[in-house]
Amino acid sequence: MSLNNLILLTGRTINQGVALEGGKNTKENVRAAGICTFDKEDFKKLDCIAGTPVKVTTDYGEVLVYSTITEEGPHPGIIFIPMGPWGNQVVNPDTQGCGTPTFKGMKAKVEVVKDGRVLDAIELIGKLKEA
Amino acid sequence: MSQKKIITHHDVLCPFCGTLCDDLEVDVADNEVVEMRNSCQIGTKKFFSSNPSGHRYLKPQIKEKGSFRDATWDEALDKAADILLKAKRPLLYGFSSTECEAQNVGVELAEYLRAILDNTASVCHGPSLLAIQDVGAPLSTLGEYKNRADLVIFWGSNPVHAHPRHLSRYSDYVRGYFRKDGRNDRFIVVVDPRKTHTAQIADLYIQVKPNEDYELLNAIRAVLRGVELDAKEVSGVPMEEIKKLVEILKKCHFGVIFFGMGLTQSVSHHRNVDTAICLTRELNDHTKFLLTPMRGHYNVAGANQVFTWTTGYAYSIDFSRGYGRYNPGEFSSVDLLMKDEVDATLIVASDPASNFPAGAVRNMFKHPIIAIEPHHTPTSVYADVILPPAFAGIECEGTAYRMDKVPLRLRKVKEAPEECLPDREILERLLEKVKEKEGK
């Protein structure tokens, strides 16, 4: 299943903050920041169970992350990825001349990839080194 | 079995977020943090992460044939100096999670190398600095808000997650001199596209559409001036709700807007903050109103202060002509990296590989990287030289500026392990090495 016309936001979560202080190469970091949170009603349309990998695609890239239902909703039409390596694969690098990329408000689409493997931070960023 | 002697340190500052809590109690035994009191989840984890672990660098490292090997300080500094001196457009980036004394040496090094100098404000509150330069800002210290504010607005900011003790120390639950009943004496408003955990404990939540904060702020300004807008809603917020909010704003005794990345990292960036400042200024025709940016890193405000008093500019500074030039958008790290202008990077206390957009990281990785970084991070793992630092505020002293620009002294509670040195000393030795190689 897939969903189109979503808006992607990124930002701090306390779990992501704790995980980054505990080691960025850990599974804890993947569980904290390699995720995409959905509005409850939007998630039903995906027809999968929470934790199923999903591919998030924007005009700026794509990334595979674990799906989850938001505790900070309702926010229909909005998805959220915590700040960090996963979110930054799909954010808008345009700074509008002020130096700060547009980390929030990208148009996004999501598709379920049931057998997908979510990379850890080092593997994910390593792909940029290889590229 | 002998009991380890526990030493308790009181009134320790937390080197994590801009709230810079100064009431932590840290128990240390055998040079390891064993217990924390008063700190939030993230602060606690930061102190514990200074203990020996598999992901901490204890000796300088040099990458050879794709893998790291231990090196002496002299070897590692020699290699780092070579990289910086060979580069035509080196970038010195980070600085927000270290002490002011180290930042000061970083400025000197950047000027000597004719490098680009930037701090993490570049990707967070840089737009706030631009807006403040444009229109000024009615700011205050956090103590004033704690003691006086009866209306607190969090706009595009989620302190429950990003500044976990802000609410209990300054803005919500805390008892103030004129707010003796704490939470009951304050009206909390949250404006955010998501009903965040902060919004869930607010008295009024306003759900703004993503990227439309600018329109909503201006609609509030218009209604405040008595303009009747020909619209049923603005940015997804019904006009009735906007009018209700304006009445609440006008009636308070002392209001404050704490704003975060929701304004600076959305479309319009500094113009959003510019308008929020103008709204705050205009509210002072009716009552007392101030605002304050919710700074992220514990000493990003200090980086802006130190850079400003030494170069005249807060971030995004280009020394290529031998003197500092300032132009965010041109000399800011992400813009430079997206254009692939940078040919070597020195990272101080930061992890841009995790926090920059992918395109910028891809270009950064094409060129040598030197990382002054205590832990394995996506930046340090792909760096060429690692210079292992002591944790500022845990393993060495220094000065840090709270989000309201109040300077506080960081404490040392334990010794740095093995060969780790304070950031300041690493940068001083690197500067010395660079000068030595140039025969100066």
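**A strand pair in chain B**

B:Gly94 stands opposite B:Val348 of β17(B). The two strands concerned, β6 (residues 90-94) and β17 (residues 344-348) of chain B, pair in the parallel sense over five bridges; pairing requires that DSSP finds at least two bridges between two strands. Strands (E, at least two residues) and helices (H or I, at least four) are DSSP runs, numbered from the N terminus.

This is a predicted model, in which local features need pLDDT of at least 70 and side-chain atom pairs count only at pLDDT 80 or more, while totals for chains, interfaces and linings use all residues. Residues are numbered from 1 along each chain as its sequence is written, and chains are lettered from A and ligands numbered from 1 in the order in which they are written.

**The sheet and its helices**

In chain B, nine strands form an open sheet with mixed pairing, in the order β5-β4-β19-β18-β17-β6-β7-β15-β16. Its edges are β5 (67-70) and β16 (325-326) of chain B; each has a single partner strand, so one side of each is left without a neighbour in the sheet.

Helix α2 (residues 73-86) of chain B packs on this sheet, touching β4 (61-64), β6, β17, β18 (369-372) and β19 (385-387) of chain B, and its direction makes about 125° with that of β19(B). Helix α3 (residues 100-113) of chain B also packs on the sheet, where it touches β6, β7 (116-119) and β17 of chain B; its direction makes about 165° with that of β6(B). Contact here means C-beta atoms, placed from the backbone, within 7 Å. Axes are lines fitted to C-alpha atoms, for helices over the stretch in contact, with angles from 0 to 180 degrees between N-to-C directions.

**Domains of chain B**

The domain assignment, automatic or from a database, divides chain B into domain 1 (61-123 + 298-397 + 417-437) and domain 2 (126-293). Taken over C-alpha atoms, the centres of domain 1 and domain 2 of chain B are separated by 35 Å.

**Contact between the chains**

Chain B contributes 54 residues to the contact and chain A 44 residues. On the side of chain B that touches chain A, helix α16 (residues 358-364) of chain B gives the most, with five residues.

**Chain A**

Chain A has four helices and six strands, which follow the pattern β-α-α-β-α-β-β-β-β-α along the sequence. The C-alpha trace of chain A spans about 35 × 35 × 30 Å along its principal axes. Among contacts in chain A with a separation of 6 or more, 74% join residues 24 or more positions apart.

Terms used: Two residues are in contact if their C-beta atoms, placed from the backbone, lie within 7 Å.
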